[in-house]
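Below are some notes on the strands and helices of this model, as numbered points. Please read them with the structure open.

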Amino acid sequence: MSKPDILLIGPYPEWDLVELEVQYNVLKLYEAVDRDAFVSEHAADIRAIATRGELGASADLIGKLPKLELVSVYGVGYDAVNLDACRQRGINVTNTPDVLTNDVADLGVAMMLVQSRGMIGAEAWVRDGSWETQGLYPLKRRVWGRKAGVLGLGRIGFEVAKRLKGFDMDIAYSDVSAKPYAEDMTFISDPVELARRSDFLFVTLAASAATRHIVSKNVIAALGPEGMLINISRASNIDEEALLAALEGGALGSAALDVFEGEPKLNPRFLELGNVLVQPHHASGTIETRKAMGKLVRDNLAAHFAGAALPTPVL
Ligand code: 8YV
């Protein structure tokens with residue numbers, strides 16, 4: 001029997017590609033010079049899309065693939081997949097939850113520490129000789145014992161909070177409702193109130209149309225000139241224009257960001273700022289986690305083509 005055709009939207013690590021190519025005829029959209037022509041040429045044969053969290057699958061693309069049965073996302077977030085288009089056609093969607101939770105939480109906490117203690121500047125202070133010529137590095141702000149807010153206490157938010165307890169932080173969270181598994185944390189439903197009582201605000205909620213700009217101008221103002229915003233979710237959760245204005249004008253103390261509108265091309269105003277730590281959407285970027293994510297993508301594809309239950313279905 002011939003191998004099913006799958007459309008790969010963006011590159012996967014080589015180890016995943018090798019495994020995928022054993023089972024499937026992998027059509028690499030990202031290598032095509034003319035992507036529209038490539039899709040037209042193969043449209044009649046493509047039975048699955050393998051994509052990444054930030055790349056998703058648009059309604060336009062889904063509409064061009066009459067034989068599409070499955071969209072398998074390498075990532076927990078599926079906000080970039082047009083779910084309505086999938087629902088209408090009975091196309092299944094899968095993601096890779098759980099396997100990345102701890103690494104994403106680790107990076108969020110690491111960004112808080114690095115930014116609060118000024119470690120990037122301190123590294124440069126040593127390397128450029130400032131330590132020798134100018135003496136002591138400027139003092140920075142402590143982390144332990146301070147107030148943290150977690151916006152979205154799902155799997156990732158919960159792991160962030162668990163880590164923050166190790167720093168004896170006073171933790172509050174916002175979510176659609178109070179969580180039974182968070183009795184030792186303060187529930188504050190209004191994100192503005194959460195920001196007002198936080199020194200550090202972690203954005204950890206799954207993105208959707210409903211959460212767009214949930215970190216609004218008012219939330220940012222409430223966090224204030226001493227506050228830090230840490231985003232390890234999606235850029236769409238934050239009003240980026242309001243964030244830039246607040247960072248530039250000092251209405252917000254600092255930010256540590258792993259995600260950006262229009263990434264990987266980000267607003268150049270971010271690069272002019274000394275009070276922002278930027279990361280290249282890398283919170284799940286460890287070898288261990290990425291291998292587990294790749295395996296889950298393949299397990300979902302294999303289950304689908306075997307007619308078995310999908311391990312991690314979204315739809
Ligand atoms: C990316 C992510 O998928 O899990 C998510 O939702 O955004 C990430 O893990 C990853 O960077 C691969 O592109």
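1. Two strands count as paired if DSSP finds at least two bridges between them. The model is a predicted one. In it, strand 4 and strand 5 run parallel and are joined by three bridges; Val71 has Val93 in strand 5 as its bridge partner.

2. Strand 3 and strand 4 also run parallel, with five bridges joining them. Here Ala48 has Leu70 in strand 4 as its bridge partner.

3. Side chains in a regular strand alternate between the two faces of the sheet. In strand 4, Leu70, Ser72 and Tyr74 point one way, Val71 and Val73 the other, and all are buried. Since five of the five residues of strand 4 are buried, the strand is largely enclosed by the rest of the structure.

4. Strand 4, helix 4 (residues 83-89) and strand 5 form a β-α-β unit, which is right-handed.

5. For helix 12 (residues 287-306), 20 residues at 1.5 Å a residue should span 28 Å, and the end C-alpha atoms are 28 Å apart, so the two agree. Its buried residues include Met293, Leu296, Val297, Arg298 and His304. They pack against several elements, among them strand 3 (46-52), strand 4 (70-74) and helix 5 (101-116). Just after helix 12, Gly307 has a positive phi of about 75°.

6. In helix 11 (residues 240-249), the residues Glu240, Ala242, Leu243, Leu244, Ala246 and Leu247 are buried. Their cover includes helix 10 (217-223), strand 10 (228-231), strand 11 (254-257) and strand 12 (276-278).

How values were computed: Residues numbered from 1 in each chain as written. Predicted model: local features only at pLDDT ≥ 70, side-chain atom pairs only at ≥ 80, totals over all residues. Heavy atoms only, no water. Buried < 20%, exposed > 50% of the residue type's maximum accessible area, 1.4 Å probe, protein only. Helix = DSSP H or I, 4+ residues; strand = E, 2+ residues; numbered from the N terminus. Contact = heavy atoms within 4.5 Å. Expected span 1.5 Å × (residues − 1). Right-handed = clockwise from strand over helix to strand, strands pointing away.
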